[in-house]
Amino acid sequence: MRGVWTVARKDLQSELRSKEAINASVSFALVILLIFSFAFEPTADETRAISGGLLWIAFAFAGALILNRSFARELQNDCLEAVIASPVAGWELFLGKAFGSFLLLFGVELICLPVFGIFYGINLTKTLWPLLLILVLGTWALTALGVTFAALTVNIRLRELMLPLLLYPALSPALMASMTLTTSLLTTGSFGTNNQPWIRLLIGFDVIFTSLALALIEFVLVL
Amino acid sequence: MSTMSTRQKLVYGLGATGTLLLIWNLYRVLLVLPDEMQQGAIYRIIYFHVPAAFVGWTLFLAALVASALYLWNKNLALDGFAASAIEVGWVFCSINLVTGMIWARIIWGIWWTWDPRLTSMFICWLLYGGYLVLRGAIDDAGQRATVSAVLAIFAFADVPIVFMAIRWWRTQHPSPVLETGGLAPEMRLPFWLNVFVFLLIGLAITLLRLDQEDTKRELEGLRRHAHAHAI
Amino acid sequence: MDKRNFLYLFYGLSLAWGLVAAYLFVLMQRSRKLRAELDRVKRMVGDQ
């Protein structure tokens, strides 16, 4: 497991020093929230009905920026070959990068949440802990699948286009579940009895796709 | 006739059988069968809408197996088969979506709705479309094969969701009729016959496409040979 | 036979089979291009 923390720490440190992706991500997410407020002319009720969707759109798009960099940062100076040839196992590399990206994206989301609450007049503190739970589950789906596809597309031309093109359809079940549950939390204050399947879907998605990624990552890394 | 390879004979055989059966079945579906009580003539589209989906998913399953096998033994012929199966399957998915939309426009009054069945099928279409786009973006044969194989495995995770959608959720899309016996007896033979017909035609086109993949591989080999000797 | 909606059935089936025909056409084009390319490269190798 040490390899996982080593890789995660390396990614986090290099990112926190330059702050390129974080700044870009936070700015992008805030701009999206701003543009949505022009598009929807929100009274509090209307926004609450679409709040889950808005938040997760912003997070998904901002996440793509972070995920792109997770493997792209290794392209210079043949770092990718060095990392693959190192004693770090494939699964450790995957989990390390996934954790690193997860923490970065989760940080971005935590910054965006109060801004969202202020812009749209929604009180987030009433349902904070369930909301954070959904954020964790949904963000992990995003980063686990995203890092896998980032590894797949790192050496391809049009990489920045292919990653979102492949990632968002594959991520849709998790995105839908996250959006539905977030909206339910912000409008009714609870998950709602009808939404139990969505929670199961989200957890199942996380488990299945993390396992699938771990199983297949060796094939992807020797490209 | 003797100069045709086995595969070509298979393509013509499957294609001809499929077409003949299709024509016979079309006669039955369009002219012999009576109308459904509430829907009028448009209900007959089910004989094309559902078989297209079944054959599409079957081809995706075949591609899944081929992709997994490719990752195991790296035989490029398997990658060629997966690519062919997915491309043809994607066309059948498109047919399914288009026929569904036309039926929906008549019966529901709207072209589209975001219920679980339609949404997941559309996502399936996007995923495999992305697979085809991805293949076009990679020039190196080995890399393309590996990336495609992994993507095919991930993409197939959506297919069970599409299939089970009308059983897991209450959807606007009609509920299951096949296993609940909701399909009238005289409809069953034409329906399953059309599934068989589509399967034959789908296989024929896949083999055609597979031929092209083999030609492409031969081409790449020859090019490498030419460049090696030119130096 | 009930003529209700028959027109749309016709449209639907035409579109479906039109898609198949279009795809077959694309395949044929691709085949022709591939064969031409193959002949060209074969000739190039033969010349060496």
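**Who touches whom**

Visitor: How far apart do the closest C-alpha atoms of chain A and chain C lie?
Guide: They lie 23 Å apart, and no contact joins chain A and chain C. Two residues are in contact if their C-beta atoms, placed from the backbone, lie within 7 Å. This is a predicted model: local features need pLDDT of at least 70, side-chain atom pairs count only at pLDDT 80 or more, and totals for chains, interfaces and linings use all residues. Chains are lettered from A and ligands numbered from 1 in the order written, while residues are numbered from 1 along each chain's sequence.

Visitor: Which chains share the most contacts?
Guide: Chains B and C, of the 2 pairs in contact. There, 26 residues of chain C meet 29 residues of chain B.

Visitor: And how many residues are in the contact between A and B?
Guide: Chain A gives 18 residues and chain B gives 18 residues. On the chain A side, α7(A) gives the most, with 7 residues. Helices here are DSSP runs of H or I, at least four residues, numbered from the N terminus.

Visitor: New topic. Which residues touch the most other members of the largest nonpolar core?
Guide: A63(B), A82(B), I86(B), L151(B) and A152(B), in a core of 137 residues. Such a core is a set of buried Ala, Val, Leu, Ile, Met, Phe, Trp, Tyr and Cys residues joined through C-beta atoms within 7 Å. Buried means 20 or more other C-beta atoms within 10 Å of a residue's own, placed from the backbone.

Visitor: What does A82(B) touch?
Guide: Leaving out residues up to four places away in sequence, A82(B) touches A63(B), A66(B), S67(B), Y70(B), S148(B), A149(B) and A152(B).

Terms used: Helix = DSSP H or I, 4+ residues; strand = E, 2+ residues; numbered from the N terminus. Buried ≥ 20, exposed ≤ 12 C-beta atoms within 10 Å, placed from the backbone.
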